[in-house]
Amino acid sequence: MPRLPGLVVTDHVFTVPLDHSQPDGPTIEVLAREAVAATKVDADLPWLVYLQGGPGGASPRPMSASGWLGRATQDYRVLLLDQRGTGRSTPVTARTASRLAPADLAAYLRHFRADSIVRDAELIRAQLSPDKPWTTLGTSYGGFITLTYLSLAPEGLKTCLIMGGLPGLDTTADDVYSRTYPRVRAKVETYYQRYPEDVERVRRIADHLRDNDVRLPDGDPLTVRRFQLLGLGLGMGDHAETLHWLIDEAWDDGELAADFLYSVMNRTLLNPIFTVLHESIYGQDERPTNWSASRLRPSEFDGDGSPLLFTGEMIYPWMLEETALLRPFKEAADLLATATDWTPLYDVPRLQANRVPVAAAVWHDDMYVDAGLSLETAARIGNLKAWVTNEWEHDGGRASGGSVLDRLLAIAADLPPA
């Protein structure tokens with residue numbers, strides 16, 4: 001059991017079915033990392049399971065008893081779940097893709113959505129907390145998983161806490177992106193208002209990329225559209241500053257600086273699950289997602305206007321052509337984009353009748369999860385209380401230290417118990 005400042009950490013590895021409908025079929029491993037306050041290792045504490053954002057994001061690696069984790073370990077034994085396919089949980093990588101034909105890879109990846117993650121969690125609960133429901137804390141996509149959990153296995157839940165992650169219950173990818181593009185434009189405009197000198201600086205970089213074959217350190221081309229992906233983080237509290245200083249130091253003797261190219265590469269290299277399954281998290285019926293973000297992309301984001309508009313949390317087919325680590329997924333991604341047999345992720349009648357206390361923070365200015373859709377969903381779920389605030393951006397749960405978690409715990413305590 002490694003000891004970190006104020007914490008004792010224990011790794012648990014579980015073997016789970018790849019397909020929960022075939023429990024005797026192929027299996028994968030799932031890592032769940034337990035974190036407990038160093039002074040409470042032997043205490044009989046309730047469990048809190050952290051559901052990371054994404055899709056495709058591994059659970060945070062604990063460093064110390066600080067921030068939201070420090071607050072949580074005051075009262076709970078925290079389980080940091082590497083959702084299947086991420087971190088140490090049988091990760092989905094380019095090597096995975098190289099071993100499978102496109103149709104087989106697409107079929108494999110269909111087992112990495114929220115419903116499978118919930119069933120993994122229930123198998124783990126049966127071993128770590130038998131006969132006792134536990135509390136979940138879901139951020140962003142972790143909130144989506146929470147609503148699937150409430151739909152499939154509410155008996156496993158004592159309380160649910162959600163930070164910026166209430167999805168529309170029956171919205172399509174098209175519904176989501178039609179709302180997302182205007183919010184991204186607003187964030188980019190706010191960035192340029194804060195740093196007006198960056199309008200010309202960004203334009204100069206884009207012109208250079210059009211006129212030259214610029215390569216990132218891994219050999220991938222740095223095109224204007226890849227450069228625009230730097231807007232992905234503009235919905236986080238400090239990303240405008242991060243982007244500004246990156247642009248400020250972009251040049252070295254008339255060429256793009258090596259440090260700049262390394263930073264752009266790392267900030268725009270998205271993991272396979274996030275890329276391939278991002279639109280699939282909205283698939284619930286016979287309607288294909290069909291590369292929604294690409295189809296609905298307004299012409300003002302084409303990269304030739306002034307000022308140049310960065311893009312946000314959108315996935316485009318070209319990303320799987322121009323990025324070497326994603327290229328093995330291209331054909332499988334196309335198959336998933338045209339799939340017409342998605343299974344529902346949310347049981348609306350069951351959610352309407354829900355009795356598990358749910359406290360949800362809704363970020364009023366959220367660039368990624370539309371606040372309007374979130375509030376519509378909040379009104380449709382039983383025993384849920386939403387707290388709407390513009391004090392924080394999408395990373396409010398992390399950036400606030402433990403104060404947002406504190407507020408959610410207080411809200412949940414005032415709701416009727418299940």
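My entries follow, one topic at a time.

**Ground rules.** I'm working with a predicted model, where local features need pLDDT of at least 70 and side-chain atom pairs count only at pLDDT 80 or more, while totals for chains, interfaces and linings use all residues. Residues are numbered from 1 along each chain as its sequence is written, and side-chain values use heavy atoms, with hydrogens and water left out.

**Salt bridges.** I searched the whole structure and got 29 salt bridges, meaning a side-chain nitrogen of Lys or Arg within 4 Å of a carboxyl oxygen of Asp or Glu. Helices (H or I, at least four residues) and strands (E, at least two) are DSSP runs, numbered from the N terminus.

Buried or exposed: which is Asp-370? I noted it as buried, because its relative accessibility is 14%; the cut-offs are under 20% for buried, over 50% for exposed and partly exposed in between (1.4 Å probe, protein chains only). Arg-179 is partly exposed at 32%.

Next I checked Arg-185 and Glu-189, which meet at 2.6 Å, N to O. Both lie in helix α6, four residues apart, about one turn of the helix. Arg-185 comes out partly exposed at 29%, and Glu-189 is partly exposed at 32%.

Then I looked at Arg-215 and Asp-213, with closest N and O atoms 3.1 Å apart. Asp-213 is exposed at 61%, whereas Arg-215 is partly exposed at 44%. I also logged a network: Arg-179, Arg-183, Asp-370 and Glu-376 are joined by salt bridges that share partners.

**Leu-80.** I found Leu-80 in strand β5 (residues 77–81), and it counts as buried because its relative accessible area is 2%. Which residues does Leu-80 touch, leaving out those up to four places away in sequence? Among them are Leu-31, Tyr-50, Pro-62 and Trp-68, with contact taken as heavy atoms within 4.5 Å. Its C-alpha is separated by 6.2 Å from that of Glu-34, 46 residues apart along the chain.

**Pro-288.** I placed Pro-288 in the loop between α11 (272–277) and α12 (292–295), partly exposed at 38%. Beyond four places in sequence, Pro-288 touches Ala-337, Thr-338, Ala-339 and Thr-340.
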